[in-house]
Amino acid sequence: MRFMRLGLWLLRRERSSGEWRVLLLALIIGVGSVSTTGFLGDRLKRAMGEQGASFLGADLLVTSSRAIESWPASSTQNIPAKSSPLSTSSLATSQALEFSSMVAKGDAFQLATLRAVDAAYPLRGTVRIAPQPFTESTSRPALPPPGAIYVAPDLLPLLSANVGDSVQIGEASFTIAGVVAEEPGQLGGVFGLAPRVFMRADEVERTHVLQPGSRVTYLYQFAGEPNQLTAFSATLKPTLDSTQRLIGSREGVETLRGAFANADRYIQLTALISLLLSVAAIAIAAHRHALRHYDQAALMRCMGATTAQLRTLYAVQLLTLGVLGSLIGVAIGALMQQALALLILPDAATRLPSLGLAPVGIAVVSGLLALAGASLPALMRLIRVPPLRVLRRDLPPLPLGAWISAAVSGSTLLLLIAWYAGDAKLVGVFVGALAGLVLVLTLLARLALFAGRGVQRLSHGPVRFGLAQLLRHRFDSTLQLGAFTLALFLVALLALVRSDLIAGWQQQLPPEAPNYFLVNIAPYQQAAVADYLSQHQLKASELYPMVRGRLTIKNGVPIASTLPPELRDSNTLRRELNLTWTATLPANNAILAGQWHGTHNAAEISVESGMAERLNLAVGDQLGFQIGDQTLDARITSIRSVKWDSMQPNFFVIFAPGQLDALPAAAIASVYVPPGASGMLPGFVKAFPGVTVLALDKLIANIEAVFAQIIGAIQLLLGFLLAAGMAVVIATLLASLDARQQEAVLLRTLGAQRAYLAKSLWSEFLALGLLAGLLASACAEIAMALISDRLFELPARLHPWLWLALPLAGALLVGMSGWLTTRHITRVPPMQSIRALG
Amino acid sequence: MTPPDSAQFPAESSSASQPPSVVTARALSQRVSTADSTLTILSEVELDVKAGEILAITGASGSGKSTLLGLLAGLDQPSSGDIFLLGQNLSELDEDARARLRAGRIGFVFQSFQLLPARSALENILLPLELAGRTDARERAAHWLERVGLTARAAHTPRQLSGGEQQRIAIARAFATDPQILFADEPTGNLDADTGARIIELLFELNASAHTTLILVTHDDALASRCQRRLHLIAGHASEVAVA
């Protein structure tokens with residue numbers, strides 16, 4: 001107790017010491033970083049959990065690509081037909097249709113996701129409608145009055161429309177009666193590629209948008225007592241085919257939560273890098289603190305303090321700093337997560353549940369672990385200092401076995417990483433990547449310093465002296481360079497990914513590549529559409545009829561059973577594929593194996609090579625497809641390569657003509673509309689109201705906007721990384737402060753002016769920042785070239801601005817932190833310095 | 001086990017009532033192994049210091065004075081031989097037990113003062129009192145600050161004090177816990193002659209009133225001559241010489 005009090009007393013007296021400040025700063029940055037992501041992740045997870053049933057809008061949801069005509073009899077006595085209201089004797093029911101369509105006003109048109117609902121929708125949760133965007137909303141049924149629709153607020157500016165205006169959907173006209181402020185299952189408008197519109201189910205017919213073969217999802221909702229629901233789903237399940245899904249409210253949330261948990265884990269790992277960099281800064285600061293307190297510890301031992309008492313004393317100090325730093329970090333995290341929430345969920349940030357307590361615990365424990373791992377080796381040496389040091393100043397404290405230090409720090413770090421990564425494989429990948437990165441950065445930093453030697457020889461005066469400092473403290477310089485390069489590199493890489501991929505993709509398109517997709521062309525419209533396009537002399541692809549079907553059978557057995565477990569969940573098997581048929585091999589396709597079926601009218605198909613490889617398919621295999629309620633078999637007669645970025649309609653599976661003709665099939669085509677001719681599009685939309693017109697540039701712009709939101713959020717996290725990098729620079733500089741001060745005293749005694757010292761310090765830090773910037777530029781260019789080439793098959797290119805911006809940013813940030821840490825060296829009169837150094 | 005309080009045995013007491021030994025060394029040797037040889041720093045030193053005595057350890061630089069002081073105070077362990085400090089055989093005690101033995105009973109004054117740089121004069125005196133868990137720590141610290149005439153400097157840090165003032169703080173700190181034995185290592189070594197003389201005056205004056213056993217290392221003959229006994233070291237060999 002006495003020593004705890006003494007520890008606190010000493011800590012209070014030393015609170016302004018540089019080491020404690022850096023240690024606290026680094027801890028705040030590290031904990032701030034992990035708690036920001038922790039808080040937000042927790043809020044999103046709880047939002048999903050708390051919403052429960054209201055997330056689905058029902059207790060039970062059945063989705064199907066076609067209307068379900070018959071329902072199990074046990075609990076539903078009145079089997080609903082497609083057009084009759086769905087009702088059961090004991091469960092509340094609601095039925096909705098979801099499909100995409102164009103919404104037009106004058107010459108403006110926009111793709112929207114329409115949900116046609118009945119009066120009961122939603123069964124659980126609420127829909128809130130506001131009279132104007134961003135005004136107070138009221139909870140109302142989603143069913144608009146006849147002749148009216150409710151729209152998502154982001155649709156209005158896209159159409160230059162206001163509430164009360166009239167808009168066209170297909171062949172019918174509707175009045176915008178209100179704005180959707182909230183609906184079940186919606187956390188925000190992040191992926192607002194096609195804004196939501198609510199309309200009446202009984203008015204779908206008059207739009208004439210839905211034609212045979214149109215892509216539409218039928219949503220059947222059920223709500224009731226748990227035991228009724230259980231009985232109902234048990235009898236319903238066996239009647240559903242593989243294209244239909246039954247989702248319980250818990251299950252719906254769980255699926256989403258699972259996907260979210262994965263994304264969340266990677267973001268947490270990004271935050272962990274900041275924490276690990278902070279650990280480096282803490283370790284350096286703790287080492288310096290120990291170094292400066294050997295005398296104090298020896299004196300206390302001399303006065304009778306035992307090792308246990310010293311341990312208590314220093315542990316109390318460390319714990320106090322740890323708790324203080326963690327709490328400040330958590331407070332900063334709480335503020336930052338709100339900024340992050342506003343960035344990625346601008347509409348829903350205020351509706352998220354309040355801050356949870358669990359992330360506070362996780363962040364504080366992470367902070368204390370990081371602090372312990374980083375500073376224990378230094379403090380263990382401190383308490384083992386021999387008391388004889390009071391007589392012989394040169395006596396070092398008992399050496400702590402290198403393996404003990406490594407074991408203490410290493411196992412704490414591993415524990416932290418394992419905790420955040422979750423599974424062993426990810427821990428391995430993360431540790432491996434981290435080790436590789438440290439190795440590469442160390443090598444690069446050493447190389448850069450070696451090159452700096454040449455520059456130093458050519459320089460003179462204070463610059464030469466400053467550069468000499470940089471080269472002399474080689475270990476410190478390597479660490480500072482490494483930490484700062486890492487931070488700058490990651491920030492730059494994200495910026496490049498954001499701008500390059502979009503720009504690169506657009507640049508790579510051949511001139512006159514199709515820039516519009518025409519989707520959902522009903523069979524009766526297909527001839528007219530082709531005529532319209534040729535009349536307007538537009539370069540269009542062939543019209544490909546599309547049928548949706550799921551691949552289920554290979555050579556008589558379920559295809560999943562022929563695959564290794566990790567491939568069974570492949571996207572190609574899970575979702576319905578777009579199947580087409582044609583006698584001519586599409587442009588940009590090439591036969592790799594077998595023979596193109598041509599006009600051969602038989603049950604034959606051609607499969608895309610990537611899909612064939614993933615699913616282990618070969619020419620001669622017999623595949624079975626579930627299309628609607630029927631199964632269709634066909635033999636693979638060719639394997640094709642497809643140029644996916646050709647902007648043409650591309651297909652995994654192409655049937656020989658004659659096999660699918662009987663099925664209802666809406667067609668797809670791509671078309672190039674020259675910049676001057678886009679005025680014809682409103683005319684096209686009016687002429688073919690049911691056809692969906694997808695503008696690729698708008699799509700790309702939308703993707704870019706979503707990208708920008710996500711990358712902006714990650715960059716906010718990288719701000720912590722930059723701060724942690726600066727903490728490392730400051731910690732290493734502080735560690736060398738005494739030696740620097742001694743040199744400065746000597747130089748000033750010998751007649752050096754303050755300006756000389758200042759110049760030499762600035763040269764050192766600017767050089768360090770410039771080098772870090774150059775290294776980061778090189779790393780970012782290489783990483784970007786690899787990403788472009790391997791991941792996106794885009795040509796690599798150089799970014800001259802990067803080589804200017806990063807060194808400048810580096811010089812500025814390192815220069816500032818370096819100068820702020822060391823400037824007083826130049827200001828203190830030599831006599832005072834001599835006294836201070838004893 | 002605890003030896004009698006040395007305060008009962010004033011230094012000037014006659015030899016009729018023999019005070020107990022507080023520090024005893026038997027065949028004390030200290031050797032250091034270097035890469036290619038073994039260096040003998042102290043060789044077979046025999047010493048017996050009674051409560052209340054003032055002993056000077058003298059010798060040239062490198063003769064082993066500070067090493068002997070460190071061993072006698074239990075700050076280090078000898079290569080061979082035994083040391084009894086306040087009745088305890090130090091070779092039977094581990095590092096922590098030796099620390100406990102020192103707590104509050106042994107005081108130190110160093111050549112380089114060894115004040116904590118970030119702490120005020122008063123706080124430096126407080127430190128051993130806090131370590132010993134004295135409830136009256138603050139009053140005692142203030143009292144000893146006054147005894148060394150530096151009450152006005154209570155809030156000053158060491159770097160704001162002169163060398164002489166720093167050593168006076170160190171002396172106040174050494175006496176603050178009422179130690180039975182005070183070890184002083186070249187207490188005037190870092191001071192000019194005048195300041196050194198004043199410090200010695202203060203040290204002896206306080207020692208006389210506190211009846212503390214004083215063992216000091218010095219190469220100053222004038223100082224050594226003021227002590228009751230003098231142990232002279234030549235290349236690690238000790239011999240007691242008569243005080244002039």
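Me: How many aromatic pairs does the structure hold over all chains?
Reply: This is a predicted model. A pair of aromatic rings is described by the distance of the centres and the angle of the planes. Counted over all chains, the aromatic pairs number twelve.

Me: Is the aromatic pair of Tyr532(A) and Phe688(A) stacked or edge-to-face?
Reply: The ring centres of Tyr532(A) and Phe688(A) are 5.7 Å apart, and their planes are at 85 degrees. Planes over 60 degrees apart count as edge-to-face. The pair of Tyr532(A) and Phe688(A) is therefore edge-to-face.

Me: How many residues apart are Tyr532(A) and Phe688(A), which link distant parts of the chain?
Reply: Tyr532(A) belongs to helix α12 (residues 526-535) of chain A, whereas Phe688(A) is in the loop between α15 (680-687) and β23 (692-695). Both Tyr532(A) and Phe688(A) are buried. Along chain A, Tyr532(A) and Phe688(A) are 156 residues apart.

Me: Over which ring does the charged end of Arg147(B) sit?
Reply: In chain A, Arg196(A) lies over the face of Phe198(A), at 5.6 Å from the ring centre. In chain B, the charged end of Arg147(B) is 5.0 Å from the centre of the ring over which it sits, and that ring belongs to Trp144(B).

Me: What distance does helix α9 of chain A reach from its first C-alpha to its last?
Reply: Helix α9 covers residues 424-458 of chain A, 35 residues in total. Its buried residues include Leu426(A), Phe430(A), Leu441(A) and Leu449(A).

Me: What percentage of the residues in chain A is buried?
Reply: Chain A contains 21 helices and 23 strands. Among its contacts between residues at least 6 apart in sequence, 81% join residues at least 24 apart. Of the 838 residues in chain A, the buried share is 53%.

Me: What area is buried between chain B and chain A?
Reply: The contact takes 32 residues from chain B and 29 residues from chain A. Carbon and sulfur atoms give 62% of the buried area. That area is about 2700 Å².

Me: Which residue of chain A meets Glu130(B) in a salt bridge?
Reply: The count of salt bridges between chain B and chain A is two. In one of them, the side chain of Glu130(B) takes part at 3.4 Å, N to O. The residue that Glu130(B) meets is Arg5(A).

Me: Is the peptide bond from Tyr121(A) to Pro122(A) cis or trans?
Reply: Most peptide bonds are trans. Pro122(A) is found in the loop between β3 (108-117) and β4 (127-130) of chain A. The bond from Tyr121(A) to Pro122(A) has omega near -10 degrees and is cis.

Me: Is Gln537(A) buried or exposed?
Reply: Gln537(A) is in the loop between α12 and β13 (539-540) of chain A, and its phi is positive, near 50 degrees. Its relative accessible area is 74%. Because a value over 50% counts as exposed, Gln537(A) is exposed.

Me: What is the relative accessible area of Ala235(B)?
Reply: Ala235(B) lies in the loop between β9 (229-234) and β10 (237-241) of chain B. Its phi is near 50 degrees, a positive value in a residue other than glycine. Ala235(B) is exposed, and its relative accessible area is 56%.

Notes:
Residues numbered from 1 in each chain as written. Chains lettered and ligands numbered in written order. Predicted model: local features only at pLDDT ≥ 70, side-chain atom pairs only at ≥ 80, totals over all residues. Heavy atoms only, no water. Phe/Tyr/Trp six-rings, centres within 6.5 Å; stacked < 30°, edge-to-face > 60°. Helix = DSSP H or I, 4+ residues; strand = E, 2+ residues; numbered from the N terminus. Buried < 20%, exposed > 50% of the residue type's maximum accessible area, 1.4 Å probe, protein only. Lys NZ or Arg CZ within 6 Å of the ring centre and 35° of its normal. Expected span 1.5 Å × (residues − 1). Contact = heavy atoms within 4.5 Å. Buried area = accessible area lost by both parts, 1.4 Å probe. Salt bridge = Lys/Arg side-chain N within 4 Å of Asp/Glu carboxyl O.
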